[in-house]
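Here is a short tour for anyone who likes to look at packing before setting up a calculation. Please have the viewer open and follow along.

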Amino acid sequence: MWHHAAVSDPYYRADLARVHHLGFRFHADRCASGILQLLEPVLARRGVVLELGCGSGLLTRHLVDAGHRVVATDASPAMLELAAGYVPEAAEIRRITLPDDPLPEADAVVSVGHVLSYLPDEAAVERGLVAAAGALRPGGVLAIDLCDLEYGRREPGSMLGRMSDDWAIVLDISVPASDRLVRAVATFLPNDDGSWRRDDEVHENVLIDTSRVPGLLADHGLTAEVAASFGQETLPDGLMAVVGQRVS
Ligand SMILES: C[S@@+](CC[C@H](N)C(=O)[O-])C[C@H]1O[C@@H](n2cnc3c(N)ncnc32)[C@H](O)[C@@H]1O
């Protein structure tokens, strides 16, 4: 049983985790088919898929439904609690905080929702990429998305709101520096007595020059490319798919 996240947990406390699960499945859904195609050789050899930043298990669900053995990991206890309920068939659900927690060996490392971009700076993102590369067995496949500097080239001060009958979210997005995107997030959820509560989180994403990633991964035994998508899907401008394979 996972405990509810303490207030000190930096990202995705219980309310935002719930709103993410209910309202933000579209990204994992659109990435799933391309990733499943990349993972076909891994499925054929019954390999283990390590998922980083699995959140509530939205991509995990697709992977498990396709027959994969998935070790689903995230830093957020609230997310992991949802994942345990949503994808109980996962081989394992484990708390792993990037970039420095040790990673188990795997035949594929996957991650969507620019999980590594939540790390504090470019050096930490690079440590996370190197850790992912190091977890891969020979022939292993890497498929993760990552924010490029391009992701921050948008209208300043954009505001986004979404609501449903039983949740609402408001995001205030700013780009205080060319390598930094900040989302101030307020979620609204009903209490048992019918009143609504608000919870606030601030998420910072570090934006990097992703064209340097293949060189970094090559130093760690991977051939990799940075592409506009995993398969046929369209990703938001500046969100890049890093796809690679361990060759040695
Ligand atoms: C945008 S969500 C994506 C969740 C899920 N992959 C999806 O597509 O629905 C980003 C996830 O990254 C996780 N995360 C943020 N920082 C992390 C870290 N340092 N280590 C591991 N996970 C982290 C968050 O807890 C959250 O679940």
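In this predicted model, helices α2 and α4 pack with their axes 9 Å apart, at an angle of about 35 degrees. Their crossing is right-handed. On the α2 side the contact is made by Ala-28, Cys-31, Ala-32 and Leu-36, and α4 answers with Leu-58, Leu-59 and His-62. Sorted by class, this contact has six nonpolar residues, one polar and no charged ones.

What is the order of its four strands? The open sheet runs β6-β7-β8-β9, with antiparallel pairing. Strands β6 and β9 are the edges, and each pairs on one side only. From one strand to the next, the twist averages 15 degrees.

The elements of this region can be found here:

| Element | Residues |
|---|---|
| β6 | residues 158-163 |
| β7 | residues 168-177 |
| β8 | residues 180-190 |
| β9 | residues 196-206 |

Strands β8 and β9 pair in the antiparallel sense over eleven bridges. Within this pairing, Val-185 stands opposite Glu-201 in β9. Helix α1 (residues 14-23) packs on the sheet and touches β6, β7, β8 and β9, and its direction makes about 90 degrees with that of β8.

Note on methods. Residues are numbered from 1 along each chain as its sequence is written. This is a predicted model: local features need pLDDT of at least 70, side-chain atom pairs count only at pLDDT 80 or more; totals for chains, interfaces and linings use all residues. Two strands pair if DSSP finds at least two bridges between them. Helices (H or I, at least four residues) and strands (E, at least two) are DSSP runs, numbered from the N terminus. Axes are lines fitted to C-alpha atoms, for helices over the stretch in contact, and angles run from 0 to 180 degrees between N-to-C directions. Two residues are in contact if their C-beta atoms, placed from the backbone, lie within 7 Å. A crossing is left-handed if the near helix is turned anticlockwise from the far one by less than a right angle, and right-handed if clockwise. Ala, Val, Leu, Ile, Met, Phe, Trp, Tyr, Cys and Pro count as nonpolar, Asp, Glu, Lys and Arg as charged, and the others, Gly among them, as polar.
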